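Hi,

Here is the structure I promised to pass on to you. Have a look at it first, then read on for what turned up.

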Amino acid sequence: MLRRLLVFTDAVDWLTEQIGQWLKWLVLFSSLISAFNALMRYTIHYSSNAWLEIQWYMFGAMFLLGAGYALKYDEHVRVDVLFSKMTPKQQAWLDVFGGIFFLMPMAVIIGWLSIPMVINSFRIWEHSNDPGGLLRWPIKIVIPIGFALLAIQGVAEIIKKYAIATGVREPGKAYERPVQ
């Protein structure tokens with residue numbers, strides 16, 4: 001059964017990798033928009049709140065949609081004082097525990113509670129209060145999507161770490177095929 005679940009983790013890792021690679025383009029686009037906006041502001045004294053807001057939207061999307069990518073590569077925040085002194089199997093058990101009791105409840109609760117806000121924003125066609133500002137629902141919808149992607153990657157990480165903790169996968173081989 002665990003070996004079949006590891007096939008699921010491979011699919012989730014592939015999806016997360018595709019999203020992470022796509023998000024790298026947002027960094028470039030956001031930088032280009034920022035440079036263009038600064039150029040326009042200092043050369044012809046023209047600027048728009050829409051240009052600033054789209055940069056914020058892109059940053060928010062990069063952060064929220066990239067959380068699962070960071071989790072996949074263990075780039076998330078962790079207190080290494082005790083963790084670094086543990087064996088790889090102990091680390092894996094701690095990650096399983098943390099994933100089940102902290103990561104998953106947080107991701108599911110925040111994702112779920114954000115849905116009514118998104119629906120309301122879409123229903124009233126909410127706009128920014130700033131002159132020339134953008135619609136708000138496109139960035140607000142990123143919140144439940146981002147936390148759903150984080151939760152899915154969280155499930156995959158729990159499965160992979162459980163496989164390491166139980167000896168089905170070797171420590172340090174979390175991104176490779178299971179031991180035969």
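Let's begin with a term: helices (H or I, at least four residues) and strands (E, at least two) are DSSP runs, numbered from the N terminus. One more for the lengths: the expected span of a helix is 1.5 Å times one less than its number of residues. With those in hand, H2 has 17 residues and reaches 24 Å from its first C-alpha to its last, close to the 24 Å expected at 1.5 Å a residue.

Before going further, two notes on where this comes from. This is a predicted model, in which local features need pLDDT of at least 70 and side-chain atom pairs count only at pLDDT 80 or more, while totals for chains, interfaces and linings use all residues. Residues are numbered from 1 along each chain as its sequence is written, and side-chain values use heavy atoms, with hydrogens and water left out.

**The whole chain**

The protein chain has seven helices and zero strands, so from the N terminus on its elements read α-α-α-α-α-α-α. Its radius of gyration (taken over C-alpha atoms) is 20 Å, well over the 16 Å that the globule rule gives for 180 residues, so the chain is more spread out than a compact globule. That rule is 2.2 Å times the number of residues to the power 0.38. Along the principal axes, the C-alpha atoms fill a box of roughly 65 × 35 × 30 Å.

How much of the chain is buried? Of the 180 residues, 38% count as buried. Here buried means under 20% relative accessible area, exposed over 50%, and partly exposed in between (1.4 Å probe, protein chains only).

Contact means heavy atoms within 4.5 Å. Among the contacts with a separation of 6 or more, 70% are accounted for by residues 24 or more positions apart.

As for charges, Lys and Arg count as positive and Asp and Glu as negative, with His and the chain ends not counted. Each charge is placed at NZ of Lys, CZ of Arg, CG of Asp or CD of Glu. The mean positions of the 16 positive and 13 negative charges are 4 Å apart.

**H1 and its residues**

H1 has 42 residues and reaches 61 Å from its first C-alpha to its last, close to the 62 Å expected at 1.5 Å a residue.

- Leu 2 is found in H1 and is buried, with a relative accessible area of 18%. Leaving aside neighbours within four places in sequence, Leu 2 is in contact with Ile 159, Tyr 162, Ala 163, Thr 166 and Val 168. The C-alpha atoms of Leu 2 and Val 168 are 166 residues apart along the chain, yet separated by 8.3 Å.
- Thr 9, also in H1, is buried with a relative accessible area of 0%. Not counting residues up to four places away in sequence, Thr 9 touches Ala 156, Ile 159, Lys 160 and Arg 169.
- Apart from neighbours within four places in sequence, Asn 37 is in contact with Tyr 46, Ser 47, Ser 48, Trp 51, Leu 52 and Gln 55.

Which elements do the buried residues of H2 pack against? They pack against H1, H3, helix H6 (137-140) and helix H7 (142-165). The buried residues of H2 include Ala 50, Glu 53, Tyr 57, Met 58 and Leu 65.

Val 96 lies in helix H5 (residues 88-123) and counts as buried at 7% relative accessibility. Not counting residues up to four places away in sequence, Val 96 touches Ile 158, Lys 161 and Tyr 162. The C-alpha atoms of Val 96 and Ala 163, 67 residues apart along the chain, are separated by 9.9 Å.

**Two loop residues**

Where is His 45? His 45 is in the loop between helix H1 (2-43) and helix H2 (49-65). Its phi is near 55°, a positive value in a residue other than glycine, and His 45 is exposed, with a relative accessible area of 68%.

Asp 74 lies in the loop between helix H3 (67-72) and helix H4 (80-83). Asp 74 has a positive phi of about 55° although it is not a glycine, and is partly exposed, with a relative accessible area of 30%.

Cheers
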